[in-house]
Amino acid sequence: MAVRTLSMTDSLHAYLLGANEPLPPVQQRLRDETALLPQGGWQISAEQGQFMAFLVKLTGAKHCLEVGVFTGFSSLVVAQALPPDGTILALDVSEEFTSVARRYWQEANVTHKIVLRLAPATQTLAKLADSPENHAAFDFAFIDADKPNYDSYYESCLTLLRVGGLLLIDNVLWAGKVADPTITDADTMAFKNLNAKIATDERVDRCMVPIGDGVTLCRKR
Ligand code: CA
């Protein structure tokens with residue numbers, strides 16, 4: 001009987017993907033196009049996208065916030081999991097990468113669900129948090145952007161989520177570097193510090209899950 005998560009070999013990963021429903025063709029094409037980019041490794045894994053879509057449906061989320069869009073796979077899977085009146089406010093700084101995202105959102109007929117704000121997310125989030133009517137306006141949030149700003153994104157998302165809302169934070173295991181005390185670069189330290197903070201943060205129920213590069217799920221109390 002295993003007492004911890006399995007190591008994910010290539011063959012076991014292929015089996016896992018085969019055991020899940022295949023991705024819709026539009027999602028697979030977006031993944032294939034993104035994989036050709038030098039930054040292709042930035043996109044979340046297919047099974048993580050499926051997990052997020054499942055969580056959106058499970059929680060009945062309607063209004064979502066995405067910090068870091070890249071080429072749009074996570075926003076596409078979330079948009080397709082949302083009900084017809086669901087929305088995503090998507091934050092990014094890259095015209096180049098989000099132009100890929102917009103093509104696939106259009107192809108999947110979810111453009112009407114997604115509002116893209118091209119500006120530094122710290123600014124957009126601060127502006128949103130300035131207006132009390134935005135507090136508790138979101139049911140679901142996903143952070144997957146520049147790592148040193150994660151703590152700031154975390155605080156803003158907590159303000160903007162409703163009680164019971166779900167926040168997902170990506171890359172929290174950071175390729176295993178968080179467990180190595182000798183690694184102290186800025187990105188790794190951002191994760192070490194944020195992970196330690198969340199571990200005792202009484203504002204949330206939380207669970208770190210070893211999917212993809214590690215995802216922390218926080219439920220706002
Ligand atoms: Ca990521």
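Here is a friendly conversation about a predicted model, taken one question at a time.

Visitor: Before we start, what should I know about the numbering and the model?

Guide: Residues are numbered from 1 along each chain as its sequence is written, and side-chain values use heavy atoms, with hydrogens and water left out. This is a predicted model, in which local features need pLDDT of at least 70, side-chain atom pairs count only at pLDDT 80 or more, and totals for chains, interfaces and linings use all residues.

Visitor: Let's begin with the metal. Which residues are the protein donors of the calcium ion?

Guide: Donors are N, O and S atoms within 2.8 Å of the metal (3.2 Å for Na, K and Ca), and water is not among the atoms, so sites may look incomplete. The donor atoms here lie 2.2 to 2.7 Å from the calcium ion, and in sequence their residues are spaced D-x25-D-N.

Visitor: Are Asp144 and Asp170 buried or exposed?

Guide: Buried means under 20% relative accessible area, exposed over 50%, and partly exposed in between (1.4 Å probe, protein chains only). By that rule, Asp144 and Asp170 are both buried.

Visitor: And which residues does Asn171 touch?

Guide: Asn171 is in the loop between strand 5 and helix 8, and at 11% relative accessibility it counts as buried. Contact means heavy atoms within 4.5 Å. Not counting residues up to four places away in sequence, Asn171 touches Asp144, Lys147, Tyr150, Phe191, Asp213 and Gly214.

Visitor: Asp213 is on that list. Which residues does Asp213 touch in turn?

Guide: Asp213 is found in the loop between strand 6 and strand 7, where it counts as partly exposed at 21% relative accessibility. Leaving out residues up to four places away in sequence, Asp213 touches Asn171, Val172, Leu173, Trp174 and Ala175.

Visitor: How many bridges join strand 6 to strand 7?

Guide: Two strands pair if DSSP finds at least two bridges between them. Strand 6 (residues 204-209) and strand 7 (residues 215-220) run antiparallel, and Arg206 stands opposite Cys218 in strand 7. Their hairpin has five residues between the strands, and in it Gly212 takes a positive phi near 60°. The number of bridges joining the two strands is six.

Visitor: Now the aromatic rings. What kind of pair do Phe70 and Phe97 make?

Guide: Rings of Phe, Tyr and Trp (its six-membered ring) pair if their centres lie within 6.5 Å; planes under 30 degrees apart count as stacked, over 60 as edge-to-face and the rest as tilted. A search of the whole structure finds five aromatic pairs. The ring centres of Phe70 and Phe97 are 4.9 Å apart and their planes stand at 70°, so this pair is edge-to-face.

Visitor: Which residues form one aromatic cluster?

Guide: Phe70 and Phe97 are both buried. Phe70 lies in the loop between strand 1 (63-67) and helix 4 (73-81) and Phe97 in helix 5 (residues 95-107), so the pair ties together parts that are 27 residues apart in sequence. The cluster is formed by Trp42, Phe70 and Phe97.

Visitor: How many disulfides does the count come to?

Guide: A disulfide is a covalent bond between the sulfur atoms of two cysteines, counted here as a pair of cysteine sulfur atoms within 2.5 Å. The sulfur of Cys64 is 11 Å from the closest cysteine sulfur, in Cys157, which is too far for a bond. Cys207 is in no disulfide either, as the nearest cysteine sulfur, that of Cys218, is 9.7 Å away. The count comes to zero.

Definitions and conventions. Helices (H or I, at least four residues) and strands (E, at least two) are DSSP runs, numbered from the N terminus.
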